[in-house]
Amino acid sequence: METRSLGKSELQVPLLSLGTANFGGTSEVARAWGVLGMKEATRLVDVALDAGVNLFDTANVYTEGESEEILGRALKGRRDRVLISTKAAFRHGPGPHDIGCSREALTQAVETSLRRLQTDRIDLFQLHAFDALTPVEEVISTLDALVRAGKIRFTGCSNFSGWHLMKSLAASDRLGAARYVAHQAYYSLVGRDYEWELMPLGLDQGVGCVVWSPLGWGRLTGRIRRGRERPPVSRLNSKQTAEMGPPVHDEHLFRVVDTLDEIARECGHSIPQVAINWLTSRPTVSTIVLGARTEDQLKDNLGSVGWKLTADQIGRLDRASAVTPAYPYWHQKYFSERNPAPV
C-alpha cells in the first residue's frame, strides 16, 4: 500500500483508509449504511490490515459512540500497528457541552473517545464541523494543549469552508500552536466542489485532503444506471440518509457513470475502482476513506490502487464530471496566467 505525507506533516498515512461509520448502530441511518456487528467489523479490520491499510477513521457521533467502541475492541492487541482518526463537534448527547468546540466540549470529547477506543492517544483528531459560536483562539489553544499533553498527535478539520480553515490556520500561526494538517472533505467524480477553493488552499497551506465518500454517497458503485431501477440495498433508498448526502442531478450522474463504464472495460477494473483511482491522481489527496458493507466490497475497493489511469482516461473523466463553478471561481479562470488551477 502506497503511503503519503498527511499535508506537510511527518505523519505517513496509507493512500486508502477504512471508515467505520457503519460499525454498530440501530438507527435508520445506521441500517441504511449497513450495520456491522463486532464479528463483521473485526473481519473488515483484518482484511484492511492484510492489504496494508493501517488508518481507521471514526467519530464520536457514529452509531452513538458504538463505532469507536467496536473499533477499539477490534484493534486490541495491535494498537502500535495502526493509526486512529476520530472527530468531534456534532451533538452527541443532551448536555450543554455535548456539542461544539469549546474548551470543555473538546476536552470531554477527547477523553470519552480515548476511553471508547481503549487507547492513550489519537493519531488524528478532527473537528467534524466549524463552531462559529466559540472563539477560534479557544478552539486552537485547546487542541494545542491536548497535543502537548500527548493525547492527540495531529489535528485536522472536516467540512470547513475556505474562510473557516484559513481563519483557524492564521490563529494557529498567531498563537504558535499546532496547525491543522488535514481536511476531511467530500470529494468525488460527482462532487468536485472541493477543487474550487479548498484544494488551492490546501496546496498553499500544506493541508492534506482526507477524502470522505469517494463514491459520491453510493452513486458510483456501478449499480445505479440510466434506465434501471435503483438497487434494493442503498443508502439512497432511505429518505433520511439520502437527504444527508450531497445532491446530484441524474443526468450528470449518468454521464459520469457512462464514462466510468467505458474506462472500466478498457482497463479491466470495476467502476468503483476507476472512480477511486481517479482521486489518487488529484492534488492534495493524502488518503481516501473507504466505507464497506461487506468483505467483498472492501476487497474490490482495495483494488483501486497499485495501477494508474492513462492521461487520456483521466481527461475523459475530468470532462464528463465537469460543472460550471460558482462565482467567483468561474470568473477566476480568465486570470489563469497568474492564478493557475491546482496541478
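Visitor: What volume does the second largest pocket have?
Guide: About 690 Å³. Keep in mind as we go that this is a predicted model.

Visitor: Okay, and which residues are closest to the centre of that pocket?
Guide: Those are E195, W196, Y329, A341 and P342, out of 24 residues that line the second largest pocket.

Visitor: Which elements give two or more residues to its lining?
Guide: Look for α7 (198-205), α12 (311-321) and α13 (329-332). The largest share comes from α7, with four residues.

Visitor: How do the residues of the lining divide into nonpolar, polar and charged?
Guide: For the second largest pocket you get 14 nonpolar, four polar and six charged.

Visitor: Let's switch to cavities. How many of 30 Å³ or more are found in the whole structure?
Guide: A search of the whole structure turns up two.

Visitor: Which residues line the largest cavity?
Guide: Its lining is made of C101, L127, F130, D131, T134, V136, V139, F160, S168 and Y180. Seven of the lining residues are nonpolar, two are polar and one is charged.

Visitor: And what about the second largest cavity, where does the largest share of its lining come from?
Guide: From helix α4 (residues 103-117), which gives three residues. The lining includes A105, L106 and A109, along with N60, H92 and H97 among others. Sorted by type, the lining of the second largest cavity has seven nonpolar residues, four polar and one charged.

Visitor: New topic: the nonpolar core. How many residues are in the largest one?
Guide: There are 58, and the ones with the most contacts inside that core are F56, L220 and L260. Helix α9 (residues 250-267) gives the most to this core, namely seven residues.

Visitor: Why would nonpolar residues gather like that?
Guide: In soluble globular proteins, nonpolar side chains tend to end up buried together.

Visitor: Back to L260. What is it in contact with, leaving aside neighbours within four places in sequence?
Guide: L260 is in contact with L189, L220, I271, V274, A275 and L317.

Visitor: Can we pick out a polar residue? Where does Q184 lie?
Guide: Q184 lies in strand β8 (residues 180-186).

Visitor: Is Q184 buried or exposed, and why?
Guide: Q184 counts as buried because its relative accessibility is 2%, and buried means under 20%.

Visitor: Which side chain does the Q184 side chain make a polar contact with?
Guide: The side chain of Q126, at 2.9 Å. Not counting residues up to four places away in sequence, Q184 also touches others, including D57, K87, C157 and W212.

Visitor: What about A145, where is its place?
Guide: You'll find A145 in helix α5 (residues 136-148). At 42% relative accessibility, A145 counts as partly exposed, because that category sits between the 20% and 50% cut-offs. From A145 to L83, 62 residues apart along the chain, the C-alpha atoms are separated by 21 Å.

Visitor: Now the backbone. Which peptide bond is cis, the one from Y327 to which residue?
Guide: The bond runs from Y327 to P328, and its omega is near 10 degrees. P328 lies in the loop between α12 and α13.

Notes:
Residues numbered from 1 in each chain as written. Predicted model: local features only at pLDDT ≥ 70, side-chain atom pairs only at ≥ 80, totals over all residues. Heavy atoms only, no water. Core = buried A, V, L, I, M, F, W, Y, C linked by side-chain atoms within 4.5 Å. Buried < 20%, exposed > 50% of the residue type's maximum accessible area, 1.4 Å probe, protein only. Contact = heavy atoms within 4.5 Å. Polar contact = N/O pair within 3.5 Å; in protein donor to acceptor, adjacent residues only side chain to side chain. 1 Å grid on protein atoms, 1.4 Å probe; cavity = no way out; pocket = protein on both sides within 12 Å on 5 of 7 lines; lining within 4 Å. Points joined across faces, edges and corners; volume = space filled by probe spheres on them. Nonpolar A, V, L, I, M, F, W, Y, C, P; charged D, E, K, R; others polar.
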